[in-house]
Amino acid sequence: MRDESCIFCKIANGEIPSATVYEDEDFRVILDLGPASKGHALILPKNHFKDVCGLDQETAGKVLTLGAKIGTAMKKSLGCTGFNLVQNNGESAGQTVFHFHMHVIPRYEGGPAMVGWTPGKADPDELAATAEQIKGAL
Ligand code: 5GP
Ligand code: ZN
């Protein structure tokens with residue numbers, strides 16, 4: 001399950017060198033070339049999935065566990081005190097490489113704000129109507 005034109009397929013499978021922090025049969029974890037903070041890593045499955053919607057259940061289950069493992073190692077080794085697991089799906093969500101990946105972003109005390117949003121307002125009727133819309137599509 002590879003896409004010959006996909007750069008993350010090539011990196012995940014070792015055809016293009018990368019700063020690798022972890023590798024097993026299913027995944028390679030590399031450092032991001034444009035890090036949001038020191039240690040910013042990307043979990044790449046070796047198989048090609050466009051985004052989270054394509055992932056099989058087994059791979060999906062392993063990704064979060066691996067995210068926790070990498071984040072824990074970052075806290076021990078880099079001195080960060082937290083980390084974000086971030087995963088973008090679709091251009092409007094900020095996805096730029098269309099091979100599923102999970103960002104593991106170390107967070108340091110006093111570091112810049114990241115991964116935030118301005119809370120909006122919604123009344124209970126609107127929330128109920130929106131919940132029905134989503135439920136109807138499940
Ligand atoms: P997205 O915006 O799709 O969630 O994240 C793509 C990420 O991949 C970006 O943070 C970007 O810096 C990183 N990236 C893009 N191309 C390469 C590459 O060739 N090597 C590495 N290590 N990171 C890359
Ligand atoms: Zn790919």
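## Ligand 1 and its polar contacts

In this predicted model, an oxygen atom of ligand 1 sits 2.5 Å from an N or O atom in the side chain of Asp32. His103 also makes a polar contact, with a polar side-chain atom 2.8 Å from an oxygen atom of the ligand. (A polar contact here is a pair of N or O atoms within 3.5 Å.) On its own, ligand 1 exposes 520 Å², and the protein buries 79% of that; the areas are Shrake-Rupley values with a 1.4 Å probe.

## The shell around ligand 1

How many residues surround ligand 1? There are 16, and the closest are Asp32, Gly94, Thr96, His101 and His103; to count, a residue needs a heavy atom within 4 Å. Sorted by type, the shell has eight nonpolar residues, seven polar and one charged. Gly goes with the polar group, while Asp, Glu, Lys and Arg count as charged.

Helix α1 hands over the largest share, three residues. Both α1 and β2 (27-31) supply at least two residues each. Helices are DSSP runs (H or I) of at least four residues and strands (E) of at least two, numbered from the N terminus.

## The zinc site

Ligand 2 is a zinc ion, held by Cys6 (SG), Cys9 (SG), His48 (ND1) and His99 (ND1) at 2.0 to 2.3 Å. Donors are N, O and S atoms within 2.8 Å of the metal (3.2 Å for Na, K and Ca), and water is not among the atoms, so sites may look incomplete. For reference, the ideal tetrahedral angle is 109.5 degrees.

Along the chain, the donors follow the spacing C-x2-C-x38-H-x50-H. Cys9 lies in α1 (residues 7-12) and His99 in the loop between β4 (82-86) and β5 (102-107), so this pair ties together parts that are 90 residues apart in sequence. Cys9 and His99 are both buried, meaning under 20% relative accessible area.

## The chain as a whole

The protein chain has three helices and five strands, in the order α-β-β-β-α-β-β-α. Its C-alpha trace spans about 50 × 40 × 25 Å along the principal axes. Of its 138 residues, 30% are buried.

## Ground rules

Residues are numbered from 1 along each chain as its sequence is written, with chains lettered from A and ligands numbered from 1 in the order written. Local features need pLDDT of at least 70 and side-chain atom pairs 80 or more, whereas totals for chains, interfaces and linings use all residues, and side-chain values use heavy atoms, leaving out hydrogens and water.

Conventions. Buried means under 20% relative accessible area, exposed over 50%, partly exposed in between (1.4 Å probe, protein chains only). A polar contact is a pair of N or O atoms within 3.5 Å; within protein, one must be able to donate a hydrogen and the other to accept it, and residues adjacent in sequence count only if both atoms are side-chain atoms.
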